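Hi,

Here is the structure I promised to pass on.

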Amino acid sequence: MTDTKDPKSTPKAIVGTADNMRAVYDRFATHGANAESLGSASEIDSAASRIRNFFVALPKGARVLDVGPGRGDESVMAQALGLEVTGLELSEKMQQLYKRNVPKAATILGDMTAIDDKFAQAFDAVFCSFSFLHLPREKGILALGQFAKVLKPSGKLFLLTLIGEGVGDMNSGRDFLAEAGIESWYFYHWKLEDLIAQLEKLKFQITKQEVFQPIPGRPAAVAIEASFGTRAR
Ligand SMILES: C[S@@+](CC[C@H](N)C(=O)[O-])C[C@H]1O[C@@H](n2cnc3c(N)ncnc32)[C@H](O)[C@@H]1O
């Protein structure tokens, strides 16, 4: 039987679905070393170089919304490159971790599918790495609309997400999931042409689109860069 008074006791396992991502990430953020085991995009060389190139091309002082920043490694990189970062995080516990790791960043506790209207046209760039992949397609379309809303005209989007065929579930061979008591983890793999079509419908002009393999043997990813409401330059 689990002793609820013992902080080391294993909490009840969570079956991750698209609807309880907040609980999944609250667990990652608070259960042992799991926020560390989870890693971040910038620990993967092929992703880090693309992220860095995107940040470097933005003017110093540009306001960047880091969507689903997790523990905030990419926000740290953006700040070091002279950008003004705000992290928008779904999980309160992850947000606490983010505040500790990126104390100079502003943060918003919220869902990328419903960003407060007070942030309309507030950002020069939206950076969204490996968080959009937790939304099913219809919610993903909502999030893209929110990115369009919060960007200034000509604002830049960086979207790093998994591609392939529909719903995936990365629950095998990842010891840290079991250690955190998470039985499965919801991912949606977009068809690349579908994702591009949705972005173009929202008046994003695609400026870069690179398919690569972040982790050997795992699904492919795409790094998309787009400019909002302008002709690609
Ligand atoms: C795999 S981590 C990605 C962390 C970091 N961006 C990276 O690239 O390594 C996904 C993060 O997205 C957050 N997230 C998931 N769904 C979200 C949503 N609907 N709105 C905002 N954040 C969300 C999670 O809480 C988690 O911190």
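Let me start with glutamine 96, which lies in helix H5 (residues 92-101). Helices here are DSSP runs of H or I with at least four residues, strands are E runs of at least two, and both are numbered from the N terminus. Before I go on, the ground rules: this is a predicted model, so local features need pLDDT of at least 70 and side-chain atom pairs count only at pLDDT 80 or more, while totals for chains, interfaces and linings use all residues. Residues are numbered from 1 along each chain as its sequence is written.

(Buried means 20 or more other C-beta atoms within 10 Å of the residue's own, exposed means 12 or fewer, partly exposed is in between, and C-beta atoms are placed from the backbone.) Arginine 71 is 25 residues from glutamine 96 in sequence, with 8.6 Å between the two C-alpha atoms.

H5 itself lies across E3 and E4, and runs at about 175 degrees to E4. Angles go from 0 to 180 degrees between N-to-C directions, with axes as lines fitted to C-alpha atoms, for helices over the stretch in contact. Contact between two residues means C-beta atoms, placed from the backbone, within 7 Å.

Now the sheet. Seven strands form an open sheet in the order E4-E3-E2-E5-E6-E11-E10, with mixed pairing; two strands pair if DSSP finds at least two bridges between them. Strand E4 (106-109) and strand E10 (204-212) are at the edges with a single partner strand each, so one side of each has no neighbour in the sheet. On average, neighbouring strands of this sheet are turned by 15 degrees against each other, direction ignored.

Two pairings to click through:
- E10 and strand E11 (residues 221-228) run antiparallel, joined by eight bridges; isoleucine 206 has alanine 226 in E11 as its bridge partner.
- E2 and E3 run parallel, with five bridges, and valine 67 is bridged to leucine 88 in E3.

Strand E2 (residues 63-67) is mostly covered, as four of its five residues are buried.

Methionine 77 is worth a click too; it lies in helix H4 (residues 73-80). Methionine 77 counts as buried because it has 21 C-beta neighbours inside 10 Å. Beyond its neighbours within four places in sequence, methionine 77 is in contact with Ser42, Ile51, Arg52 and Phe55. Serine 42 is 35 residues away from methionine 77 in sequence and 8.7 Å away in space, C-alpha to C-alpha.

Then the ligand. Which residues come nearest? Of the 20 residues around the ligand, Ala41, Gly68, Gly70, Ser129 and Ser131 do, where a residue is near if its C-beta atom, placed from the backbone, lies within 6 Å. Helix H1 (21-30) and strand E3 (84-89) each supply at least two residues of that shell. The shell divides into nine nonpolar, eight polar and three charged residues. (Nonpolar is Ala, Val, Leu, Ile, Met, Phe, Trp, Tyr, Cys and Pro; charged is Asp, Glu, Lys and Arg; the others, Gly among them, are polar.)

Finally, the whole protein chain: it has eight helices and eleven strands, and 39% of its 233 residues count as buried. The C-alpha trace spans about 60 × 40 × 35 Å along its principal axes.

Cheers
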